[in-house]
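Here is a short report to read alongside the sequence and the coordinates.

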Amino acid sequence: MCEFCRIIDREASARIVYESENVIAFLDIEPIHEGHVLIVPKVHEASIDKIPEVMLLDVIQTAQKVVNALRELYGTDGYSIMQNGGRFCDFGHAHFHVFPRYENDGFGFIYPEGEKECSDAVAEKLRKKLMENK
Ligand SMILES: [Zn+2]
């Protein structure tokens, strides 16, 4: 059983801040900023395409509650939400990072080297695939 499933089952400890039928939220043990929370759907899946829609809705509603609380507690300038899926998902169990952001806090994306295309052809290819998969 993975660490997050163990937290859900109360076999491992965590600093739980919120729980519902579908999700559990607790403090990240290596926070980017104080108040960094992980929101974890209560199903052991590594990718959001495998998670029931009702759970994903609960994830984003929980993120909204967390963002509100962080703003009120810390006077944040904003927030970031991140989720790494598939083989990039630690523990193989999807989790959504929600953490406070501040002006010039030093956090940012690191882009891989190489050319990337942002074109009408890319948009058309993706639009067609999304329509097919509807
Ligand atoms: Zn799990």
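## A loop residue and its surroundings

E21 sits in the loop that links strand 1 (16–19) to strand 2. Bear in mind that this model is predicted. E21 counts as exposed because it has 8 C-beta neighbours inside 10 Å, and the cut-off for exposed is 12 or fewer. Along the chain E21 and M55 are 34 residues apart, yet their C-alpha atoms are separated by 8.8 Å.

V23 also has M55 as a partner: leaving out residues up to four places away in sequence, V23 touches I39, V40, P41, K42, M55, D58, V59 and T62.

## The core

V23 is also among the residues with the most contacts inside the largest nonpolar core, together with A25, V37, L38, I39, V40 and V98. This core has 15 residues. Two or more of them come from each of helix 1 (3–8), strand 2 (23–27), strand 3 (37–41), helix 2 (53–74) and strand 5 (96–101). Strand 3 gives the largest share, 4 residues. In soluble globular proteins, nonpolar side chains tend to be buried together.

From first C-alpha to last, the 22 residues of helix 2 reach 31 Å, close to the 32 Å expected at 1.5 Å a residue. Its buried residues include V59, T62, V66 and L70. These four are on the same side of helix 2, because they cover an arc of only 80 degrees around the axis. An α-helix has 3.6 residues a turn, so residues three or four places apart point the same way.

The table sets out the two faces.

| Face of helix 2 | Residues |
|---|---|
| Buried | V59, T62, V66, L70 |
| Exposed, turned away from the buried side | E53, V54, L57, I60, Q64, N68, E72 |

What covers the buried residues of this helix? Strand 1, strand 2, strand 3, strand 4 (78–82) and strand 5 are included in that cover. Just after helix 2, G75 adopts a positive phi of about 60 degrees.

## The chain as a whole

How many helices and strands does the chain have? There are 3 helices and 5 strands, and along the sequence they follow the pattern α-β-β-β-α-β-β-α. The C-alpha trace spans about 50 × 35 × 25 Å along its principal axes. Of the 134 residues in the chain, 17% are buried. Taking contacts between residues at least 6 apart in sequence, 56% join residues at least 24 apart.

Notes. Residues numbered from 1 in each chain as written. Predicted model: local features only at pLDDT ≥ 70, side-chain atom pairs only at ≥ 80, totals over all residues. Core = buried A, V, L, I, M, F, W, Y, C linked by C-beta atoms within 7 Å. Buried ≥ 20, exposed ≤ 12 C-beta atoms within 10 Å, placed from the backbone. Contact = placed C-beta atoms within 7 Å. Expected span 1.5 Å × (residues − 1). Arc of directions from axis to C-beta.
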